[in-house]
Amino acid sequence: MTILNKDFLWGGAIAANQVEGAYNKDGKGLSLVDLLPAGEARKEPLFNPVKGLKQDFDFYPSHESIDFYHQYESDIKLFAEMGFKALRFSISWPRIFPNGDESLPNEAGLAFYDKVFDTLEHYGIEPIITINHFDTPYYLAEHYGGWYNRKTVDYFLNYATVLFKRYSHRVKYWITHNEINMILHIPYIGGGLMIKDTDNKNQIMYQAAHHQLIASSLATKIAKDIDPTNQIGCMLAAGEVYPNSNHPDDVMAALSKNREQYIFIDVQARGEYPAYSDRMFNDLGVTLQKEIGDDEILKQYPVDYISFSYYSSRLESGDPEINKNKAAGNAFASLKNPHLEASNWGWQIDPVGLRVTMNQIYDRYQKPLFIVENGLGEIDEVETDGTIHDTYRIKYLSEHLAQMIEAVKDGVPLIGYTSWGCIDIVSAGSGEMKKRYGFIYVDRDNHGQGTLKRSRKDSFYWYQKVIQSNGENLTY
Ligand code: BG6
């Protein structure tokens with residue numbers, strides 16, 4: 001017998017800036033990623049107008065992306081064929097407010113999402129909406145300094161209010177900001193921040209994060225005023241940080257590293273900055289500029305549930321020399337864990353880490369959890385007969401789902417599971433198409449070549465069975 005509720009939300013997740021394309025159609029303004037190329041050149045230092053390094057590149061992967069803007073109907077039909085109960089997607093802020101600071105929305109942008117909602121409704125798929133998934137309008141970054149500027153809070157609230165008014169009758173679960181802690185790791189995409197070498201980087205990032213936190217709380221208030229049944233979630237790029245050894249210094253270092261991610265959720269779930277934040281800010285040279293009433297706002301409007309992404313655990317040492325050997329991860333650097341294998345992109349694979357992470361988050365906050373991203377970015381080969389045998393992905397997902405179910409047995413309440421990039425999309429980190437997460441293959445390469453044709457991978461049929469059995473049948 002499956003332990004999962006019969007209304008468990010199985011599905012997939014995507015983000016506007018990684019799927020839609022049509023980057024300048026129907027009045028859309030520029031997204032932050034619309035100015036980023038693929039590959040090595042994508043790294044932020046190469047693109048930083050503050051440094052006078054604004055460049056032209058030959059190819060921008062987001063401009064066409066996988067063309068979800070025109071193919072959403074057939075894509076959603078494929079999601080329905082897999083049995084999706086939910087689709088997590090984001091609304092493109094610059095499609096609704098092209099520059100961000102307008103007072104009235106772009107009706108053509110809203111009309112597009114009206115049609116997406118209609119299609120989902122037709123197939124009985126519940127929309128889970130991320131309001132800001134790495135998609136602050138570029139104009140706000142360039143002219144206002146992004147989230148460092150308090151005015152961005154007002155612009156975000158104006159945008160969020162439009163969405164709550166228009167879609168509250170169709171959406172129950174909302175997420176204010178995707179991976180709020182990513183602002184510390186990819187500040188341009190996370191917060192529209194363009195930081196100079198001479199700036200106090202921590203001051204800018206934590207101040208911008210404070211503005212996102214205030215915006216999230218105020219959005220919660222507005223959402224509840226409009227419709228008290230709205231459920232508002234925070235979203236954490238999660239993954240427990242393990243100590244590199246049983247040396248007490250390593251244990252303390254891991255605890256501190258974990259606090260770097262949990263600080264934001266401490267605020268969003270408990271309604272206040274945690275006790276350790278004073279010392280942490282002091283050590284980092286950060287003085288938060290708060291307005292009168294900010295603490296009350298945070299306290300009054302905490303989130304209803306905690307959503308998170310999980311790709312990997314991490315490893316931290318108390319010895320700075322050892323930490324110099326850190327390697328890649330989901331924008332997080334981590335030491336290599338000798339007990340774990342890694343993907344071709346160096347992301348370490350740790351299914352048990354998902355159970356650990358779920359238990360840690362629930363122990364800490366006692367609010368329902370929602371896994372809104374998990375998956376394996378890998379290279380897929382199309383056979384001559386058109387089939388795609390992605391056994392490595394099936395193995396990864398199956399092992400993670402098994403641990404997810406263990407965590408539910410441990411007593412963690414879980415709303416649902418939406419696997420990341422359920423159809424192949426442009427990678428946020430590298431801009432590549434080659435790094436594929438999907439159950440559905442999209443014929444497009446790193447240079448924008450390909451027919452955009454969709455094909456079902458082996459994992460498509462596997463996930464169909466998983467959903468159909470409500471997680472009972474994970475075999476591969
Ligand atoms: C998460 C983001 O950090 O990881 C997604 O919310 C992103 O937008 C995902 O795509 C996977 O990262 P990447 O770099 O492989 O696309």
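Helix α14 and helix α15 (residues 458–468) pack at an angle of about 20°, and their axes are 10 Å apart. Keep in mind that you're looking at a predicted model.

**Helix α14 and its partners**

- Angles under 35 degrees count as roughly parallel, so α14 and α15 are roughly parallel to each other.
- As for handedness, α14 passes α15 in a right-handed crossing.
- Helix α14 (residues 391–409) also packs with helix α13 (residues 351–365), this time at about 30° and with the axes 8 Å apart.
- That angle makes α13 roughly parallel to α14.
- Here, too, there's a right-handed crossing where α13 passes α14.

**Helices α8 and α9**

- Now find helix α8 (residues 201–226) and helix α9 (residues 248–270): their axes come within 10 Å and cross at roughly 30°.
- α8 and α9 are therefore roughly parallel to each other.
- If you follow α8 past α9, you'll find that the crossing is right-handed.

**Around the ligand**

- Which residues come nearest to the ligand? Out of the 15 residues around it, they are Gln18, Glu179, Ala428, Lys435 and Tyr437.

**Polar contacts and cover**

- Glu179 has a polar side-chain atom 2.5 Å from an oxygen atom of the ligand.
- For Tyr437, a polar side-chain atom also lies 2.5 Å from a ligand oxygen atom.
- How much of the ligand does the protein cover? On its own, the ligand has 380 Å² of accessible area, and the protein covers 97% of that.

How values were computed
Residues are numbered from 1 along each chain as its sequence is written. This is a predicted model: local features need pLDDT of at least 70, side-chain atom pairs count only at pLDDT 80 or more; totals for chains, interfaces and linings use all residues. Side-chain values use heavy atoms; hydrogens and water are left out. A residue is near a molecule or strand if one of its heavy atoms lies within 4 Å of it. A polar contact is a pair of N or O atoms within 3.5 Å; within protein, one must be able to donate a hydrogen and the other to accept it, and residues adjacent in sequence count only if both atoms are side-chain atoms. Accessible areas come from the Shrake-Rupley method with a 1.4 Å probe; for residues, only the protein chains shown count as cover. Axes are lines fitted to C-alpha atoms, for helices over the stretch in contact, and angles run from 0 to 180 degrees between N-to-C directions. Helices (H or I, at least four residues) and strands (E, at least two) are DSSP runs, numbered from the N terminus. Angles under 35 degrees count as roughly parallel, over 145 as roughly antiparallel, 65 to 115 as roughly perpendicular and the rest as oblique. A crossing is left-handed if the near helix is turned anticlockwise from the far one by less than a right angle, and right-handed if clockwise.
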